[in-house]
Amino acid sequence: MNAQSTMELPRSGIWLNAAPTTLQDHAGRPLVLAFVNGASVWCMQRLAEVAQWQARNPGRLQLLVMQVPRFDFEREPQPALKLLRRHGIAAPILLDAQWEAWRAFGVEAWPTLLLLDAQGQERERLVGAAGDLERALNALCEGLSPPLDEDLRGNRETSPEPRLPLRFPAGLVASADRLYVADTGHHRILECTHSGRVLRQFGVGSADLVNGPAGEAAFNRPHGMVLERETLYVADTGNHALRRIHLPSGQVETLCGNGRAGEPVAGVLAQPWDSPLNHPQDIAIADNQLYIAMAGDNRVWSYDLGLRSLRWRVGAGVMEVRDGGGHLAALAQPCGLVAVQQVLYVCDALGSAIRSVQLRGDVVQTLVGQGPWEFGSTDGARAQAHLQYPQAIAMGSESPLLWIADAGNGCLRTLRLGGGDLTTVNLPRRLHGPAALAVAAGAVWIAESDAHAILRFDPVSGELSNVPIEE
């Protein structure tokens, strides 16, 4: 498709974190034009792979990210930018809100990488996870002169995120007197009082997969957590691993995962690294089983803490909202879990759905949600109600009320179990990227990821207050 050299980026596009440029401005060095969707972990994984190649080959390749929205909220510049920054994306981002670049370049699926040579000619396009990315990028840059000093400086973002104690927190656990916060963007877990005073930090604060004492261990973009007696289990999403913190000693161990995304291997694991995981985003515990929301393969797996074995429980692997038994059912990027007795509740991000799994028989049923392209903010009866890109669910021990972080609508919703309606909670203001919830001590605790904050909501008074995290 040599005609691509005459193509240009649409003027309707909005540059989110960089000064406007044209493709002509990038001539002279190979360029990857990455058409992605910030809500999709598959897309984020592809961008991570490009970034890893760039880190090994500094200055040889330019990357432009074309954010093409799936959801309505992604058409707004600020939420779209935050969605990508949560994943550490610092390359220039163009918001293709009207899908003009998508159509102009003949793109048909997320993610699609267009590989343009130094003259702006398209050499190859990689669609989905297909194609050998390493080979393609090496071939694109073959025979080029070494990068100049200005090429090595990289991209400087406009309006960077502020330096705050938290950065995109996306995991929360609350006990009677403690808050555990997954400070995702800082690659660490914090143990805090309910008033926000930091008591301990687990992880050195840089992205790595290291076991050991609290001050030596390392995480990579940790998300969901679950507390069982004196053990805090962590979905270490960026490491594609399941971790365990022994709270009395502060010792961190890896239960499962090898640091790379891959197809999990069912069965008994002699060593933790014998099976990769694929974007474990949240975990729940029941009957000595850790249930894992595997966002990268649209399945729920379980890990038996006694046998050290992995088992594929539900989800066919395709991204759909389809009910049924076990592997016949389909999930759409599961990202949140709650286990109550013999039922597992699943938050489906791309399905804008809440699902239930009867753990005796692994039967999946949809409670709210109409399908991957059906979303909105409608309250009411389950068959008509809509969510938009929900990110987390939680439940207290006192009442059968499921709390839902409806991230795409910037609000908190509730679903009364046993056939109740979906209801929007009356909050004093809109929430900015709520990514995790916990219910304890008469409050709902909210990780407001895009605002780098933890909130406390009192359901009785309706008061919403900030929990100042102070070290």
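Guide: Start with a caution: this is a predicted model. Now take Glu122, which is found in strand β6, residues 122–127.

Visitor: Why is Glu122 called buried?

Guide: Buried means under 20% relative accessible area. Glu122 has 9%. That is under the cut-off, so Glu122 counts as buried.

Visitor: What makes the pair Glu122 and Arg125 a polar contact?

Guide: The cut-off for a pair of N or O atoms is 3.5 Å, and one must be able to donate a hydrogen and the other to accept it. The side chains of Glu122 and Arg125 make their contact at 2.9 Å. That is within the limit, so the name polar contact applies.

Visitor: Where is Leu116, and which residues does Leu116 touch?

Guide: Leu116 sits in strand β5, residues 112–116. Leaving out residues up to four places away in sequence, Leu116 touches Leu23, Pro30, Leu31, Gln121, Glu122 and Leu140. Glu122 is one of them.

Visitor: How do you know whether Leu116 is buried or exposed?

Guide: Use the cut-off again: under 20% is buried, over 50% is exposed. Leu116 has 3% relative accessibility, so Leu116 counts as buried.

Visitor: What separates Leu116 from Gln201?

Guide: Along the chain, 85 residues. Between their C-alpha atoms, 44 Å.

Visitor: Now Ala18. Where is Ala18, and why is Ala18 called buried?

Guide: Ala18 lies in the loop between β1 (14–15) and β2 (31–36). Its relative accessibility is 12%. The limit is 20%, so Ala18 counts as buried.

Visitor: Which residues are in contact with Ala18?

Guide: Pro92, Asn155 and Thr158, with neighbours within four places in sequence left aside. Ser159 is 141 residues from Ala18 in sequence, yet their C-alpha atoms are 8.8 Å apart.

Visitor: Let us step back to the whole chain. How do you know that its radius of gyration agrees with a compact globule?

Guide: Compare two values. A compact globule of 471 residues would have a radius of gyration near 23 Å. The chain has 22 Å, so the two agree. Along its principal axes, the C-alpha trace spans about 65 × 50 × 45 Å.

Visitor: How many helices and strands are in the chain?

Guide: Five helices and 32 strands.

Visitor: What share of the residues counts as buried?

Guide: Of the 471 residues, 59%. The chain exposes about 18,900 Å², and carbon and sulfur atoms supply 49% of that.

Note on methods: Residues numbered from 1 in each chain as written. Predicted model: local features only at pLDDT ≥ 70, side-chain atom pairs only at ≥ 80, totals over all residues. Heavy atoms only, no water. Helix = DSSP H or I, 4+ residues; strand = E, 2+ residues; numbered from the N terminus. Buried < 20%, exposed > 50% of the residue type's maximum accessible area, 1.4 Å probe, protein only. Contact = heavy atoms within 4.5 Å. Rg over C-alpha atoms; globule rule 2.2 N^0.38 Å. Areas by Shrake-Rupley, 256 points an atom, 1.4 Å probe, with all protein chains shown as cover.
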